[in-house]
Amino acid sequence: MSSTLFRRLIAAALALVVLTLLAINYVLTDFAARIGAPVDPDLRTAVLTISLFAALLALAVGLSVSRALTSRVRRLKRAAEGLLGAEAQPGGLSDPNDDLGSLERSLTGVGHELRGLVSNLRFESARREAILSGMAEGVLAVDPDLKVTFCNKALLAAIGFRGSGYEGFGLLQLVRDPALYEMIRSVRSTGEPTTLRFHLSADTPRTFQAQATPLAMPTGRGVIAIFHDITDLERLEQVRKDFVANVSHELRTPLAGIIGYADTLLDGALDDTANRQKFVEIIRANAVRLGSIAADLLVLSELESGADQESEMVSVRAALESGLLTVDSEARERQVHLVREEMRDLYVAGSRLRLEQAFLNLLANAIKFNRPEGEVRVRITQIDDGRVAVMISDTGVGIPSRDLPRIFERFFYRVDKARSRQVGGTGLGLSIVKHVIERMNGTVTVDSQVGKGTTFQVLLPAAAKVGRVA
């Protein structure tokens, strides 16, 4: 009864009944006037009764048709409103062959098609967003107004974004880099893909290679950019350049000595009985230094290649004693005392040759950079977590705190460059130590104070004494 259509039908039916009664009354009155006789009241009543009954019957039929029509229209309305919803379609059609039935059948088919399309679009959208969000590379999309529409977690982490949402942010609000802004604005204007390398100063400075391409959007041309983090590659490239430069420098010094003294001998010093033996000894010392550099480079290359090495049970005490025996004569020559503290007989798994080499490098440095009448103390213990701890301490010149993070880099660290040339060394010893210990699943740390000395601590996983022991 609340339907507008229903109310209109009732009003129309009532109006029809009134008009019908008025018309019948007019016809009867006019007929009576023409024949000059009054209208029989019973006839008037009968005609009016029949007319009223017919009008009421028509009204009932109209109401019935109206109700049925209203019900079907409501069904069609629900079907139209549920085209994009997940609800089931309306039930069976009351009369599938009439016009409304055809319309309802068409709406049902369109609903199935639309739901399928929307479901596929939602799936594709969710899959793309999952892929973009899970990428290690940063992804950024902006609209024609350079407002950010998408930014994945990788880029948000790289730029140090800590907000709850980036929707509606301008590009410069999110990534404050003028060069990047100009690149993306250019891509939006020209439609041509562009690449850019730029440095991002966030909590941790990073270097990115950004590739921006146009992105078609309903409101115009947007831009999507992919950010490749090349910080590690850039650092490795710098390490490579530094390594080549340092190797060249380290090789040039002994080569210059060899060539210089060889030329001196060829220029007449062969007849100088007082100095020629000294010149030859200098040439030999420089040749030995070149050989040591080449040997250490080969060892580093082998360690860094990751080639599998034979693993065996190694006595840490035996490996350390071997190193102490090797440096004993040099320690006496430099008046450095070797002090053995606690020396527990513990075992690790690995290569005895490499472990001896690591200990030898640490002991040699402790002696070379010590003071006369200084001490080198060694100790082997087992810490609470079960690992084997080897400590080598000296009373030498020490290492400045600013240099501690980089002492294990190849050729990087020399405590006293002038003295380093006097005491020898290739500049690769500590780098070899680090690689050897890490290949045995261990760690090496250093604690030092300038003028007081340095302590290296090697931690290795302990192993049970079984099988062949080296």
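These legends walk through several close-up views of a predicted model.

Figure 1. Let's start with confidence before looking at any side chains. The chain has a mean pLDDT of 78, with 80% of its residues at 70 or more. One stretch to treat with care is residues 413-423, where pLDDT stays under 50. The model still gives this stretch 24 contacts beyond four places in sequence.

**Figure 2. Two Phe rings, Phe-198 and Phe-208, in a stacked pair.** The count of aromatic pairs comes to five, and here is one of them. The ring centres of Phe-198 and Phe-208 are 5.9 Å apart and their planes sit at 25 degrees, so this pair is stacked. Phe-198 belongs to strand β3 (residues 194-200) and Phe-208 to strand β4 (residues 206-217), so the pair links distant parts of the chain, 10 residues apart. Both Phe-198 and Phe-208 are buried.

**Figure 3. Phe-408 and Phe-456 meet edge-to-face.** A pair of aromatic rings is described by the distance of the centres and the angle of the planes. For Phe-408 and Phe-456 the centres are 6.4 Å apart and the planes are at 80 degrees, so the pair is edge-to-face. Phe-408 sits in the loop between β10 (388-394) and α11 (417-423), while Phe-456 is in strand β12 (residues 453-460), and the two are 48 residues apart.

**Figure 4. Lys-434 has two partners to look at.** Staying with Phe-408, find Lys-434 lying over the face of its ring, at 5.6 Å from the ring centre. Lys-434 also forms a salt bridge with Glu-438, where the closest N and O atoms are 2.9 Å apart. Lys-434 and Glu-438 are about one helical turn apart, because they lie four residues from each other in helix α12 (residues 429-439). Lys-434 is partly exposed, with a relative accessible area of 28%, and Glu-438 is partly exposed as well, at 43%.

**Figure 5. The buried residues of helix α12, and what follows the helix.** Which residues of α12 are buried? They include Gly-429, Leu-430, Ser-431 and Ile-432. Val-433, Val-436 and Ile-437 are buried in α12 too. After α12 comes Asn-441, which has a positive phi, near 65 degrees.

Figure 6. Side chains of opposite charge can pair when their charged atoms come close. The whole structure has 13 salt bridges, and in this one the side chains of Glu-341 and Arg-379 meet at 3.8 Å, N to O. Glu-341 is in strand β7 (residues 337-343) and Arg-379 in strand β9 (residues 375-382), so the bridge ties together parts 38 residues apart in sequence. Glu-341 is partly exposed at 34% relative accessibility, and Arg-379 is partly exposed at 29%. Look around and you'll find Glu-375 and Arg-377, which are linked with Glu-341 and Arg-379 in a network of salt bridges.

**Figure 7. Arg-334 pairs with Glu-330.** Here's another salt bridge: Arg-334 and Glu-330, whose closest N and O atoms are 3.2 Å apart. Arg-334 counts as partly exposed, with 29% relative accessibility. Glu-330 is partly exposed too, with a relative accessible area of 22%.

**Figure 8. Helix α10, mostly tucked away.** Helix α10 (residues 352-368) has 17 residues and reaches 24 Å from its first C-alpha to its last, close to the 24 Å expected at 1.5 Å a residue. Why call α10 largely enclosed by the rest of the structure? Because 13 of its 17 residues are buried.

**Figure 9. Val-280 in helix α8.** Our last stop is Val-280, found in helix α8 (residues 276-304). Val-280 is partly exposed, with a relative accessible area of 45%. Leu-270 is 10 residues from Val-280 along the chain, and their C-alpha atoms are separated by 9.7 Å.

Technical notes:
Residues are numbered from 1 along each chain as its sequence is written. Side-chain values use heavy atoms; hydrogens and water are left out. pLDDT is the predictor's confidence in each residue, from 0 to 100. Contact means heavy atoms within 4.5 Å. Rings of Phe, Tyr and Trp (its six-membered ring) pair if their centres lie within 6.5 Å; planes under 30 degrees apart count as stacked, over 60 as edge-to-face and the rest as tilted. Buried means under 20% relative accessible area, exposed over 50%, partly exposed in between (1.4 Å probe, protein chains only). A charge sits over a ring if NZ of Lys or CZ of Arg is within 6 Å of the ring centre and within 35 degrees of the ring normal. The expected span of a helix is 1.5 Å times one less than its number of residues. A salt bridge is a side-chain nitrogen of Lys or Arg within 4 Å of a carboxyl oxygen of Asp or Glu.
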